[in-house]
Amino acid sequence: MLSAPNIAAFFDEATNSVSYLVADPDTGAAAVIDPVLDFDAASGKVEARSVDTILRAADDRNATIIWVLETHAHADHLSAASVIRQRRGTKLGAGVGILEVQRTFGPLLHADDILPQGGDFDRLFDDGEKIPLGNLEIEVMATPGHTPACVTYVIGDAAFVGDTLFMPDYGTARCDFPGGDARALYQSMQRTLSRPRETRLFMCHDYKAPGRECLAWETTVGEQLDRNVHIGGGVGEDDYVAMREKRDATLKAPKLLYLDIQVNIRGGRMPPPDAQGRRYLVLPLTLPAT
Ligand SMILES: N[C@@H](CCC(=O)N[C@@H](CS)C(=O)NCC(=O)O)C(=O)O
Ligand SMILES: [Fe+2]
């Protein structure tokens, strides 16, 4: 029988993202997965309200946050990893594929202060690595496809799947970002779904499928296999890839793509200040032909 960690979910309405506090019931050792920083792009105002909520919840549960874990370099929200790391002295981990994302976006986004060899993170995980969390173990599964850096964290009977699968009635993540690959995502999802049917799966987003009123972010391997609208009932790889690529061709870039990525590839650190102490995000422009 697999052990069951204590899990609290925190939904961010502005970005439809879900962050998790996952704790070992025996020791209180905890991880925060995919924390969100509150960001108003129009005013440039950054706040840590969501972080405060998570840290309060950790304190209420007598949990000690050992790890902040990112499932990938998010394209739709700023990561609060660096804030939690500073406030609580936690370690920050992500998949080793983040190095590829740094190489792709770093030069475009003037992120030349990125530390070499993933130095903005405490650990970059390879596929299959196992890290202790009190008496529990965090198993890292590389699950690329949405991005090359995507990982799933398996803790006891729960898997935090990042942007791979969404709720069964919504489907799966887009694969059109640089380094994204629908075939790779299909293979990644097959690996996740080869776990026991009762494995609890926790999503990174919920966009509410048409016709569904309530938010939802928890499902199981069995439910995904039976009724995921993109891959349930045994959809084959070629059919999935054709569907995914057709849908991706219709999707707009996330509203905060470049602003988010330049912070998230720095492990949630803001760009360095200028001589006046002000910090700026950059937005590369695509101009019309002249
Ligand atoms: N409207 C959102 C879109 C966010 C988005 O593209 N989400 C990604 C995950 S980072 C996704 O896979 N979306 C799937 C879909 O929209 O079908 C925004 O502008 O931020
Ligand atoms: Fe994503």
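Where does ligand 1 sit? In this predicted model, ligand 1 sits in the largest pocket. Its surroundings are made up of Asp-76, His-146, Asp-163, Phe-166, Tyr-170 and Ala-173, together with Arg-174, His-205, Tyr-207, Arg-247, Pro-254 and Lys-255. Sorted by class, this shell holds five nonpolar, two polar and five charged residues.

Within that shell, several polar atoms of the protein can be followed to particular atoms of the ligand. An oxygen atom of ligand 1 lies 2.4 Å from an N or O atom in the side chain of Arg-247, while a nitrogen atom of the ligand is 2.8 Å from an N or O atom in the side chain of Tyr-207. Lys-255 takes part through its backbone, where a polar atom is 2.8 Å from an oxygen atom of ligand 1. On its own, ligand 1 has 500 Å² of accessible area, and the protein covers 83% of it.

The strands can be taken next. In general, the strands of a sheet pair through backbone hydrogen bonds, in either a parallel or an antiparallel sense. Here, an open sheet is formed by three strands in the order β5-β4-β7, with antiparallel pairing. Because β5 (45-47) and β7 (78-79) stand at the edges and each has a single partner strand, one side of each is left without a neighbour in the sheet. Strand β4, which covers residues 36-40, pairs with β7 over two bridges in the antiparallel sense, and Val-36 has Ser-79 of β7 as its bridge partner.

Another antiparallel pairing joins strand β1 (residues 6-12) to strand β2 (residues 17-23), over seven bridges. Asp-12 has Ser-17 in β2 as its bridge partner. The hairpin of β1 and β2 has four residues between the strands, and in this hairpin Asn-16 takes a positive phi near 55 degrees.

Terms used:
Residues are numbered from 1 along each chain as its sequence is written. Chains are lettered from A and ligands numbered from 1 in the order in which they are written. This is a predicted model: local features need pLDDT of at least 70, side-chain atom pairs count only at pLDDT 80 or more; totals for chains, interfaces and linings use all residues. Side-chain values use heavy atoms; hydrogens and water are left out. A residue is near a molecule or strand if one of its heavy atoms lies within 4 Å of it. A polar contact is a pair of N or O atoms within 3.5 Å; within protein, one must be able to donate a hydrogen and the other to accept it, and residues adjacent in sequence count only if both atoms are side-chain atoms. Accessible areas come from the Shrake-Rupley method with a 1.4 Å probe; for residues, only the protein chains shown count as cover. On a 1 Å grid over the protein atoms alone, a cavity is a set of points where a 1.4 Å probe fits but cannot get out, and a pocket is an open set with protein on both sides within 12 Å along at least five of seven lines; lining residues have an atom within 4 Å of a point. A molecule sits in a cavity or pocket if more than half of its atoms lie within 2 Å of its grid points. Ala, Val, Leu, Ile, Met, Phe, Trp, Tyr, Cys and Pro count as nonpolar, Asp, Glu, Lys and Arg as charged, and the others, Gly among them, as polar. Two strands pair if DSSP finds at least two bridges between them.
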